[in-house]
Amino acid sequence: MRVPNNKLLSLMPTDCADELMASGGDFSVETGATVPDELLDGSQVFIVTEGVASKFQLSPSGKFSEVGMVGCEGMFPVSALLSVPGARHVVLVQVGPLRGRRVRTKDFQRIIADSAEAREVVQRYLYAFITQVSSNLLCAEQSVTSRLARWLLMCQDRLPDDAIEVTHDALAQMTVSHRPTVTNMLKALRAEGLIEMCRGCITIRDREGLIGASEGGYGAAERYWQDYLAPLGKGGSA
């Protein structure tokens with residue numbers, strides 16, 4: 001039952017990956033919906049095979065801030081991968097539906113315990129995710145354009161084609177900016193020939209140009225994947 005459209009599974013021994021998929025059940029969460037809180041307590045591992053979701057933290061003032069992204073390259077929550085209790089957070093589906101397999105943490109940990117190779121893959125993925133979160137923090141001080149470019153590139157890496165079905169409102173939330181600002185920046189990117197836009201959809205036309213527009217914000221986590229896991233993204237490297 002090999003399912004190669006999750007990159008982490010594709011890096012594990014075949015028997016280990018097959019056992020993980022066989023031990024779980026399907027899950028599906030629609031675009032704009034959140035994964036139920038009770039499923040994020042660290043008791044279950046979500047193996048993503050389709051879609052893109054973002055992890056948010058909620059500030060004391062009630063504001064959401066994106067701290068990480070996951071798609072068919074990975075799994076969540078981090079607490080389950082570490083086999084520890086989970087802290088409160090929100091996982092929102094940005095491009096959906098988000099689909100894959102849901103495995104009990106105790107089954108997941110039992111299966112990978114029998115494979116040093118699988119354990120190392122998970123450990124390297126966790127470090128890559130930490131690198132992504134660190135990059136998000138660094139990019140908070142960059143321009144809206146660079147944050148937009150970075151987010152679109154990361155999303156493209158996790159989708160089968162270059163079209164990203166996302167609204168300007170969602171992008172404003174991702175980049176912690178106002179919707180009119182996002183719309184103006186997207187129009188500027190379109191004027192440079194980097195993207196095309198239609199209602200609810202953005203298509204990347206010039207990936208290298210968009211990487212340049214990210215002003216160095218995109219690439220750190222992707223380089224770690226390239227060096228220590230496997231090429232991540234449409235270009236094979238960042």
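**Exercise 1. Find how many aromatic pairs this predicted model holds, and classify the pair Tyr 125 and Phe 129.**

Solution. Let's start with the count: the structure, a predicted model, holds six aromatic pairs. Now take Tyr 125 and Phe 129. Their ring centres are 6.5 Å apart and their planes stand at 40°. Planes under 30 degrees apart would count as stacked and those over 60 as edge-to-face, so at 40° this pair is tilted. Finally, check burial, for which the cut-off is under 20% relative accessible area. Tyr 125 has 3% and is buried; Phe 129, at 10%, counts as buried too.

**Exercise 2. Work out which parts of the chain Tyr 127 and Tyr 224 tie together, and whether each residue is buried or partly exposed.**

Solution. Geometry comes first. The ring centres of Tyr 127 and Tyr 224 lie 5.1 Å apart with planes at 45°, so this pair is tilted. Then look at the helices: Tyr 127 sits in α5 and Tyr 224 in helix α10 (residues 220-228), so the pair links parts 97 residues apart in sequence. For the last step, compare each value with the cut-off of 20%. Tyr 127, with a relative accessible area of 46%, is partly exposed, whereas Tyr 224 counts as buried at 17%.

**Exercise 3. Describe how α5 packs against helix α6 (residues 144-157).**

Solution. Two packed helices are described by the angle and the distance between their axes. Here the axes come within 11 Å and cross at roughly 160°. Angles over 145 count as roughly antiparallel, which is why α5 is roughly antiparallel to α6. The crossing of α5 past α6 is left-handed. To finish, list the residues that meet: α5 brings Gln 132, Ser 135, Asn 136 and Cys 139, and α6 brings Arg 147, Arg 150 and Met 154.

**Exercise 4. Locate Phe 76 in the largest nonpolar core and name its aromatic partners.**

Solution. The largest nonpolar core has 40 residues, and Phe 76 is among those with the most contacts inside it, along with Met 12, Leu 20, Met 75 and Phe 108. Helix α5 (residues 116-139) gives the most to this core, namely seven residues. A second, separate core of 33 residues includes Val 90, Leu 210, Ile 211 and Ala 213. Back to Phe 76: leaving out residues up to four places away in sequence, Phe 76 touches Val 35, Leu 40, Gln 44, Val 45, Phe 46, Val 48, Val 70, Val 91 and Leu 98.

Note on methods
Residues numbered from 1 in each chain as written. Predicted model: local features only at pLDDT ≥ 70, side-chain atom pairs only at ≥ 80, totals over all residues. Heavy atoms only, no water. Core = buried A, V, L, I, M, F, W, Y, C linked by side-chain atoms within 4.5 Å. Buried < 20%, exposed > 50% of the residue type's maximum accessible area, 1.4 Å probe, protein only. Helix = DSSP H or I, 4+ residues; strand = E, 2+ residues; numbered from the N terminus. Contact = heavy atoms within 4.5 Å. Axes fitted to C-alpha atoms, helices over the stretch in contact; angles between N-to-C directions. Parallel < 35°, antiparallel > 145°, perpendicular 65-115°, else oblique. Left-handed = near helix turned anticlockwise from the far one by under 90°.
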